[in-house]
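The following note collects points for a colleague who is about to examine the coordinates. Each point treats one region or one kind of contact.

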Amino acid sequence: MTTKTGELFHFCVSSSAGPVRGSDADPIVTEIVRNSLNSIAAQIMRAFVRTAFTQVIYEMNDFAIALYDPQVRLLAQANSLPVFVGTLNFCVDAAVSAVGGPEALAPGDVVIYNMPYGTGSHAQDVAIVVPSFQGSQLVGYICSKAHWMDVGAKDPYCTDTTDVFQEGVVLPGIKLYSRGTLNADVFRIILANSRAPRACEGDLKAQVTSAQLGARQLARLMERYGSDTFRRAVERMFDHGEAQMRQFLEAIPDGRYVGTGRMDDNGLDNVPIAFEIDVEVRGSRVVIDFSRAPDAQLGPTNCPMPSTVSGSRVAITMLAASNVQPNEGHFRPIEVVTRPGSMFHPLPPQPCFLYGWPLMAAMEAINEAVSQAATGLAPAGGVADNVGLMVYGRGGDHDELWTGGSVMPVGYGAHLGGDGATLFVPALAFSTMVPMEIDETKSPLVYEAMEFVPDSCGAGRWRGGMGWRRQFRVVEDCQAISTIEGTKAPPCGQRGGLSGAPSRLIIVRPSGERRQSGKGTAIKLPKGTRVMIDAGGGGGYGKPLERDPVAVRRDMREGYITEEYARTHYPQAFVPRES
């Protein structure tokens, strides 16, 4: 439900189940239905991964898959990008509305949609919506959103766009298939607007086919249990998810807490960006308020409203740690407030190619705000970045665009009772790196190092997660696009813990010219250029002097920290033990 109050938008979902009460459902049947829905989502994911053409999908899992009921309420999701899943209800709503609403749909229809302000992403993240029918009755939707290699933006990946028209071809909700028949003209237009038409065709067909599989399976599940039993089980499932979230929120002291997000720049200038997010807990509800965010940036670091809502949902549900896949019920206690025309609610044609970077910074700010309510509720600061660098050129058997490189998981903040995770980005959980061997096979790169960065973890009673170094050499002339953030403001510690190390990118050309960089588009890399990327480390939790000396010595032995670092921050590890 979206409401407008003055110049602000409030987004929340209703708790009302209407005439159907979940409490009437059999708990055993409910659990079978819940797991069956999750199984369908997993089956769609497996089919997509096994048939996709590009490594960004079959290796990195840069996609999301979810099942919705006819009211566009989340039934289940696959283990892929969490922040994508949180946007898919907006994709379904916008795509279906664009073709005339649910009444305009028929069995065999497939709708394609990538309008950034409706998907929450840049145009490269393309959504496919397939309605599921049992006979003539609409019983739900399958939605898949996946990153395509290229959709005709000014560059294959952009850090310097100034409007949405530079960010790729826009598909505003079109029937790609109508009653099972392909719209060949739309299909040809899509491929004609890509530098990599063969890869896009393969990924599109894999995306459609896997979603159609899910639509059939959802109809089978509905047929197995009958409409009434299925609906009651779903309502009980939603009620349980809502109860889990409310129990977590009720344990947080009521109040208004403020977190600060930080970014290096907007892609066009070198001016740091800071913003504040208010988190207000009211009993068993929480309001995440972005209304004080800066106006929309001139560069592409603007996060469309659907991703702002999704990032808020993911941040809160991860803190709740319910250990189950979220459904619509988990989102009922969460309200998100945005200001249209701001960095977290851009309006057409404001650019948003780098939407994910303010989103990751916002999730860290939400954690910071919640941490003020009570000890142990949230971790210390993590690196709000995935340290992405993409190398690209043209060539190969089909003389198409090729890409190499990968996003890189980072060091996450420590928490009460444990060290921070390494190789983890909350917004991208379940995403993985492209293995070096595949990267070297698919692109002209030779890897020279993949290792921890010593001393990158923030010191504390519990240390932050480790940063990583990735170094490679290019063996052909090519170009690169860097989206690296967090080079100016390292992740903060909590409760006396120290900051982790910032990220950095160093490029050394054959001439010996050395360049340290942040964001950049179309960076020339002559043959023989070396690239070194250091992913930052997470912040520490608790005072370093309280860390167990045994843990300090273990970290030294494993190469996580140097002796000099240990002597500076953990002198207790060098006190002679009594005999």
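A residue is called buried when its relative accessible area is under 20%. The model discussed here is predicted.

1. Helix α9. Helix α9 covers residues 305–320, and 15 of its 16 residues are buried, so under the 20% cut-off the helix is mostly covered. Its end C-alpha atoms lie 23 Å apart, which agrees with the 22 Å that 16 residues should span at 1.5 Å a residue. Just after this helix, Ala-321 adopts a positive phi of about 50°.

2. Helix α8. Residues 227–250 make up helix α8, which has 24 residues. From the first C-alpha to the last, α8 reaches 34 Å, close to the expected 34 Å at 1.5 Å a residue. The buried residues of α8 include Phe-230, Ala-233, Val-234, Met-237 and Phe-238.

3. Strand β7 and its partners. Strand β7 spans residues 137–147. Of its 11 residues, 10 are buried, so the strand is largely enclosed by the rest of the structure. Strand β3 (residues 63–68) pairs with β7 in the antiparallel sense over six bridges, and Lys-145 in β7 is the bridge partner of Ala-64. Strand β6 (residues 125–134) is also antiparallel to β7, with 10 bridges between them; here Gln-134 stands opposite Gln-137. The β6 and β7 strands form a hairpin with two residues between them, and Gly-135 in the turn has a positive phi of about 70°.

4. Aromatic pairs. The search of the whole structure returns nine aromatic pairs. In one of them, Phe-275 and Phe-344 have ring centres 5.0 Å apart and planes at 65°, so the pair is edge-to-face. Phe-275 belongs to strand β11 (residues 273–282), whereas Phe-344 lies in the loop between β13 (334–338) and α11 (356–371); the pair therefore ties together parts that are 69 residues apart in sequence. Phe-275 is buried at a relative accessible area of 3%, and Phe-344 is buried at 1%. Together with Phe-290, these two residues form one aromatic cluster.

5. Charges over rings. Lys-145 lies over the face of Phe-84, 4.4 Å from the ring centre. Elsewhere, the charged end of Arg-567 sits over the ring of Phe-574, at 4.0 Å from its centre.

6. The four-stranded sheet. Which order do the strands of the four-stranded open sheet follow? The order is β15-β14-β18-β21, with antiparallel pairing. Its edge strands are β15 (400–406) and β21 (519–525), each of which pairs on one side only. Neighbouring strands of the sheet are turned by 25° against each other on average, direction ignored. Strand β14 (residues 389–395) pairs with β15 in the antiparallel sense over seven bridges, and Met-390 has Gly-405 in β15 as its bridge partner.

7. The five-stranded sheet. A further open sheet, of five strands, has the order β16-β17-β22-β19-β20 and antiparallel pairing. At its edges are β16 (445–452) and β20 (514–517), each pairing on one side only. On average, neighbouring strands of this sheet are turned by 15° against each other, direction ignored. Strand β17 (residues 468–474) runs antiparallel to β16 and is joined to it by seven bridges, with Glu-451 opposite Arg-469 in β17.

How values were computed: Residues are numbered from 1 along each chain as its sequence is written. This is a predicted model: local features need pLDDT of at least 70, side-chain atom pairs count only at pLDDT 80 or more; totals for chains, interfaces and linings use all residues. Side-chain values use heavy atoms; hydrogens and water are left out. Rings of Phe, Tyr and Trp (its six-membered ring) pair if their centres lie within 6.5 Å; planes under 30 degrees apart count as stacked, over 60 as edge-to-face and the rest as tilted. Buried means under 20% relative accessible area, exposed over 50%, partly exposed in between (1.4 Å probe, protein chains only). A charge sits over a ring if NZ of Lys or CZ of Arg is within 6 Å of the ring centre and within 35 degrees of the ring normal. The expected span of a helix is 1.5 Å times one less than its number of residues. Two strands pair if DSSP finds at least two bridges between them. Axes are lines fitted to C-alpha atoms, for helices over the stretch in contact, and angles run from 0 to 180 degrees between N-to-C directions.
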